[in-house]
Amino acid sequence: MKIEFRLITAAIIAAIFILPIVARADSRSHPLSEGAALDLLERTLKRDRVYEKRVSLDCIAYGTEETTNAYFEFVLREIHNTKCGGDPETSPAIDRYRVYRRSSKIQQWEAVEDKWQPYKRAAN
């Protein structure tokens, strides 16, 4: 009886430690589609209120600049129209982001440093 109890306890403990690893691996085995990557980026920027003091999210357009097996690269541009203001003949780029298909990690282009940096939640 003691041996059976120990074996069952060991199996339960092993399952507790192994299942989260397997679940994480499974979630990464299904890479993000372009739409899912864009949704993740939009949700993240909205949650972190990245552009709250700069521009209304209604006045931002998202475009795909590059698609690879590893990531999607998106550009955010200002919408210039009657509602948002600005010259309708222009749509300046605000920022660029990469969303990695398997890890769902986000990188942001840092123009001053001329390189991609891990996305950092904005300090509000």
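Strand S2 and strand S3 (residues 93-100) run antiparallel, joined by seven bridges. The model is predicted. Strand S1 (residues 60-67) also runs antiparallel to S2, and again seven bridges join the two. S2 spans residues 71-78 and is largely enclosed by the rest of the structure, because six of its eight residues are buried. A search of the whole structure turns up one disulfide. That disulfide joins Cys 59 to Cys 84.

**Strand pairing around S2**

- S1 and S2 make a hairpin. Three residues lie between the two strands.

**Burial of S2**

- Which strand has six of its eight residues buried? Strand S2, residues 71-78, does, and therefore the rest of the structure largely encloses it.

**The disulfide**

- The sulfur atoms of Cys 59 and Cys 84 are 2.0 Å apart.
- The link between Cys 59 and Cys 84 is left-handed, with -90° about the S-S bond.
- The pair links distant parts of the chain, 25 residues apart. Cys 59 is in the loop between H2 and S1. Cys 84 is in the loop between S2 and S3.
- Is Cys 59 buried or exposed? Cys 59 counts as buried, because its relative accessibility is 8%, under the 20% cut-off.
- Cys 84 has a relative accessibility of 24%. Cys 84 therefore counts as partly exposed, since that class lies between 20% and 50%.

- Asp 58 is located in the loop between helix H2 (34-47) and S1.
- Asp 58 has a relative accessible area of 54% and is exposed. The cut-off for exposed is over 50%.
- Which residues does Asp 58 touch, leaving out those up to four places away in sequence? The contacts are Ile 79, Lys 83 and Cys 84. Cys 84 is also the disulfide partner of Cys 59.
- Asp 58 and Glu 78 are 20 residues apart in sequence. In space, their C-alpha atoms are 9.4 Å apart.

Note on methods: Residues are numbered from 1 along each chain as its sequence is written. This is a predicted model: local features need pLDDT of at least 70, side-chain atom pairs count only at pLDDT 80 or more; totals for chains, interfaces and linings use all residues. Side-chain values use heavy atoms; hydrogens and water are left out. Buried means under 20% relative accessible area, exposed over 50%, partly exposed in between (1.4 Å probe, protein chains only). Helices (H or I, at least four residues) and strands (E, at least two) are DSSP runs, numbered from the N terminus. Two strands pair if DSSP finds at least two bridges between them. Contact means heavy atoms within 4.5 Å. A disulfide is a pair of cysteine sulfur atoms within 2.5 Å.
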